[in-house]
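Here are a few friendly notes to read alongside the model. Keep the 3D view open and find each spot as you go.

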Amino acid sequence: MKRITLLATTLLVAGSTAFADYVCRGTIIDDQGEPLIGASVIVPGTTTGVTTDIDGNFTIKVPDNTKELTIEYIGFKTTNVPAKEAMGNITLEVASQMLKDVVVTQSIARTRKTPVAASSVDALLIETKLGGQEFPEVLKTTPGVWATKDGGGYGDAKINIRGFKSENTGMLVNGIPVNDMEGGWVYWSNWAGLSDVTSMMQVQRGLGASIISVPSVGGTINITTRSTDAKKGGSLFYGMGNDGMNHIGFNVSTGLMDNGWAVTLMGTRKWGDGYIQGTNFDAYTYFINVSKRINDAHQLSFTAFGSPQTHYKRSNQDGLTIENWQEVKNYMDEGESMYRYNPTFGYDRDGQVRSSQKNVYHKPQISLNHIWQIDHKSSLSSAVYMSLANGYGSSGQGRGTYKGQSLSNASWYGSSSGELNTLFRRDDGTFDYAAIQEMNEASETGSNMVMSKSVNSHKWFGLVSTYKNELIEKKLNLTAGIDIRYYIGKHQNVITDLYDGEYFMDDSSRKNVNPANNAAAADPNWKYQKLGVGDVVYRDYDGHTLQEGAFAQLEYTTLGDKLTMVLAGSLNNTTYWRVDRFYYDEEHGTSEKPNFLAGSIKGGANYNIDSHNNVYFNGGYLTRAPFFAKGVFAAQATSNAINPDPVNEKCGSIELGYEYHSPIFTATFNAYYTKWMDKTTTRSSTMGDGSRYYLNMSGVDAQHMGIEFNMKYRPTQWLDIDAMLSLGDWTWDSNAKGYYYNEMGQPLANTSGQIASGVLAEDHAWSILNQKGRKVGGSAQTTGAIGLTVKPFKGFRIGADWTFSARNYSDYSVSDNDLIPFKEVNVANPWKIPWGNQFDLNASYKFKMAGFDATIFGNVNNLFNHYYVVDAYTASGSEGTWDNAYRVFYSFGRTYTLRLKIAF
């Protein structure tokens, strides 16, 4: 009781001291009235300072004797202004100006101006709250966002927006699109290091305001990195956390020098054992920006960044049933959670750790931006970029028999449909890689099982060029440009380990090669060729995507800046083709080149009722080319066959919103309706031999609608309260026909593994899934959060966030028992997963260390160590319940990080 009394007294004294100060609020703008993001507001003679947010706003607590504030921003003259509580708009005067890059800024939404639902987080919030979480998890307190760790390996997180998965949400880095060109996916392990260089991260939900030629369906994530706006100076940091996590790094910037040059460098390394068993990782991040202001009209900026990494995974297929999760508790050390168990973790005959789930990748992004300020009303910003990615994931290959069971690629899996695979399983629960070595060594026909690396490298070149013109001063703006991309994806499987065998025969793949397509298959001995390390198995092809697009937007402001109306449109043409070197010879290897013309139109308006209240609406319709993978090509890994009459996906959306803004209280409310049509999608399940098969469906419709609420309340200068609530209603809105393929992309005649005579031949099995009215799974349709941040005394802040989720429905997969080829199948209701919640704690303290500014950050996520289900699957033919759910994954338990940063 004495301790509690002492703590309360301390906080009261600290609070009363804080009340001796006062709070200044204002907005920093340029001479065109545009907000300046990241401008520094400093109390002269002290280290107290803040930076402006996405709307140029700042709030700073200052001592009662403060007479003025210093405003600094790269390219503008440093300004001292009188300090007062309501400072209004502060216009900075241009100095040696670094020109504004429209390519970077054109897709950023502005409060009380852009008619979209958007939420932003700045570098300070990322630094304060991210801790040991995956980068996208910093957005989990954003309405409509569902971010989870998926299998739990480093960078394996996934993020859905309004129920749409990553392939249907756009991701931009400095205005440049980075979604995979073949399937739309985003692999966060390639971008995990971006958290160290991000100056702002904005989520636009729905069609959004992003101006690119191929807009997204569910939403857009815009990431802006630090560049020419970086202040002179730098920092060093070291962090540590649970499970041997270490994180070190530096950044340094010259600021804008008198000669017009500016250079920013950053480098980090992060490594550890991983929270999940056997998921150690080692990742580096580098960032460089070199900019040159040539003269008043021209500026060049070169940026390169990347995050080469190696990490071991737990496959997203390796979630167990709820009952089996309880069983594996016997395999864990005392006091260790069973939910950390990894079915593919094990040892070889030499006692070395092995895993069939390894990922190695490096995806550098390099861009050269040129800005031309044509005159005081118009500018042209162009970015030429490329990404030369190299990397692979492990992919086991199998053939023959062992202990009376047929072997296949599936023999490497840790589990199938929630059940542990026991053929290679030790008594301690680890995967028995030693048994594979012993089997191969004893085999008289070479290795029965080998490991290959599934290479998925690419070369990607692009150009985004944007012209902006103020047609009518401070009233009508035109933004228009082109977006051109060319992508070559290289895909092959290369043997890396024979697992103590002498050679490997890839007859399971080669037997399916048609001699009419590849003359080598005419030799009956070809499929039994003895292969070794470095030889190609299963697949070897290039995927080509060429996309040309144009976009334009008109923005009209009238009624004394009260009304802003926006009309935007885009047009794009996408061409796909394959070049195969495995199932086809050189003469037959190049596929047809189908192309798809698509476009979008969207518009909206924002009306500022008064200085506090505004309303907006937006609506639009878009079409998008079907994806290369499992869209245009029925079996993209193994066949040049094109789906008959593939059609563009279509989406229509409308949204209404209301916002209230004041110095102490901000609230936003919006409602949306989205209809998604002619989507292509895939369902998977397991055959009797443990191998997986896929049902590729087209013509799928879905309906997504909901309401979202967000608020921030600052009743005093030392307390912030945040809250969010999102209620969605996402359902499938059509029945869909799909065709069966095995995991090698070959058409199936049935679910027993028999190969059909050809893709879409008469014996190619199909089913119609009656799924209309069923809930869309994979995302919580109710999410909410309440956050508190307290600043009881100078330099110290402590915050807590309570997040919760409900109405999270299991996704469904088709199963051999449920499906009857060439028939209609009714899809049952999914499992309504119980609600989950967790409590996250963050704190920071600024102080002096040897004359330098230092900050220590601490984070504890899931403080009360509460486990809850975040992902699950149920079979399509059975009513979903907890006891028939599989591929179940739970939240992480308690994790922590501690980090020290020293600025200079």
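1. Let's begin with a charge and a ring. Arg887 lies over the face of Tyr873, at 3.9 Å from the ring centre. Here "over a ring" requires NZ of Lys or CZ of Arg within 6 Å of the ring centre and within 35 degrees of the ring normal. Lys737 sits in this way over Trp766, 4.5 Å from the ring centre.

2. A word on what you are looking at. This is a predicted model, where local features need pLDDT of at least 70 and side-chain atom pairs count only at pLDDT 80 or more, while totals for chains, interfaces and linings use all residues. Residues are numbered from 1 along each chain as its sequence is written, and side-chain values use heavy atoms, with hydrogens and water left out.

3. In β41, 5 of the 7 residues are buried, meaning under 20% relative accessible area with a 1.4 Å probe, protein chains only. Strand β39 (residues 692-716) runs antiparallel to β41, joined to it by 6 bridges; two strands pair if DSSP finds at least two bridges between them. Asn696 has Tyr739 in β41 as its bridge partner. β41 also pairs with strand β42 (residues 766-770) in the antiparallel sense, over 4 bridges, and there Gly738 stands opposite Ser767.

4. Which aromatic rings pair up? The whole structure holds 36 aromatic pairs, counted when ring centres of Phe, Tyr or Trp (its six-membered ring) lie within 6.5 Å; planes under 30 degrees apart are stacked, over 60 edge-to-face and the rest tilted. Tyr576 and Phe596 have ring centres 6.1 Å apart and planes at 55°, so the pair is tilted. Tyr576 is in strand β34 (residues 563-580) and Phe596 in strand β35 (residues 595-608), 20 residues apart. Both Tyr576 and Phe596 are buried.

5. Another pair brings us back to β41. The rings of Tyr693 and Tyr740 have centres 5.8 Å apart and planes at 45°, so this pair is tilted. Because Tyr693 lies in β39 and Tyr740 in β41, the pair ties together parts 47 residues apart in sequence. Tyr693 and Tyr740 are both buried.

6. Finally, visit an open sheet of 4 strands, in the order β3-β2-β5-β6 with antiparallel pairing. Its edge strands, β3 (49-51) and β6 (79-82), each pair on one side only. Between β2 (residues 40-42) and β5 (residues 68-72) there are 3 bridges, and Val41 stands opposite Ile71 in β5.

Conventions: Helix = DSSP H or I, 4+ residues; strand = E, 2+ residues; numbered from the N terminus. Buried < 20%, exposed > 50% of the residue type's maximum accessible area, 1.4 Å probe, protein only.
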